[in-house]
Amino acid sequence: QVQLVESGGGLVQAGGSLRLSCVTSGLTLSTFAMGWFRQAPGKEREFVSAVSRLGFSTNYADSVKGRFTISRDNARNTVYLQMNSLKPEDTAVYYCAADPNGRIGASRTLYAYWGQGTQVTVSS
């Protein structure tokens, strides 16, 4: 049974940092590209970032470029999202997702498995 469990969310002031983790089980992480998405209240789930199977390639939404960094540790079955210079508009539930075809695309339809999400709230 594939499971993705996010953690690391919380309440932070604008300009602060958080590091999200996504621990996976039931799959061989190195065979999946991994992505992070977010969903704010009343809005659609949107792409944040993705990383290739071995971590050599990444993709970022324009809104987070230069502030967020995605990484992975396949030996620890974990994917990370380091978020710096946080803004109130970054407030959302953050989800990790796994793409078995190894792409690092922005479309939700590419990702077969999803976690339950972790809340990030940035106060002004």
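Me: How many helices and strands does the secondary structure of the chain come to?
Reply: Zero helices and 11 strands. Keep in mind that this is a predicted model.

Me: What order do the elements run in from the N terminus?
Reply: From the N terminus on, the chain reads β-β-β-β-β-β-β-β-β-β-β. Its radius of gyration is 13 Å, close to the 14 Å that the globule rule gives for 124 residues, so the chain is as compact as a globular protein of that length.

Me: And what does the C-alpha trace span along its principal axes?
Reply: About 40 × 25 × 25 Å.

Me: What share of the residues count as buried?
Reply: Of the 124 residues, 44%.

Me: Which residues have the most contacts inside the largest nonpolar core?
Reply: M34, W36, F68, V79, L81, M83 and Y94. That core has 34 residues. The elements giving two or more residues to the core are β3 (18-25), β4 (33-39), β5 (46-51), β7 (68-73), β8 (78-83), β9 (92-99) and β11 (118-123).

Me: Which element gives the most to this core?
Reply: Strand β9, with five residues.

Me: Back to M83. What is it in contact with, leaving aside neighbours within four places in sequence?
Reply: M83 is in contact with G16, S17, L18, L20, R67, F68, Y94 and V120.

Me: L20 is on that list. Where is the place of L20?
Reply: In strand β3.

Me: Buried or exposed?
Reply: L20 has a relative accessible area of 0% and the cut-off for buried is under 20%, so L20 counts as buried.

Me: What does L20 contact, again leaving aside neighbours within four places?
Reply: The contacts of L20 are S7, G8, G9, W36, V79, Y80, L81, M83, Y94, T118 and V120. Y94 and V120 are also among the contacts of M83.

Me: Different topic. What percentage of contacts join residues at least 24 apart?
Reply: Among contacts between residues at least 6 apart in sequence, 59% do.

Me: Last one, charges. How far apart are the mean positions of the positive and negative ones?
Reply: The chain has 12 positive and 8 negative charges, and their mean positions are 3 Å apart.

Methods: Residues numbered from 1 in each chain as written. Predicted model: local features only at pLDDT ≥ 70, side-chain atom pairs only at ≥ 80, totals over all residues. Heavy atoms only, no water. Helix = DSSP H or I, 4+ residues; strand = E, 2+ residues; numbered from the N terminus. Rg over C-alpha atoms; globule rule 2.2 N^0.38 Å. Buried < 20%, exposed > 50% of the residue type's maximum accessible area, 1.4 Å probe, protein only. Contact = heavy atoms within 4.5 Å. Lys, Arg positive; Asp, Glu negative; His and termini not counted. Charge placed at Lys NZ, Arg CZ, Asp CG, Glu CD. Core = buried A, V, L, I, M, F, W, Y, C linked by side-chain atoms within 4.5 Å.
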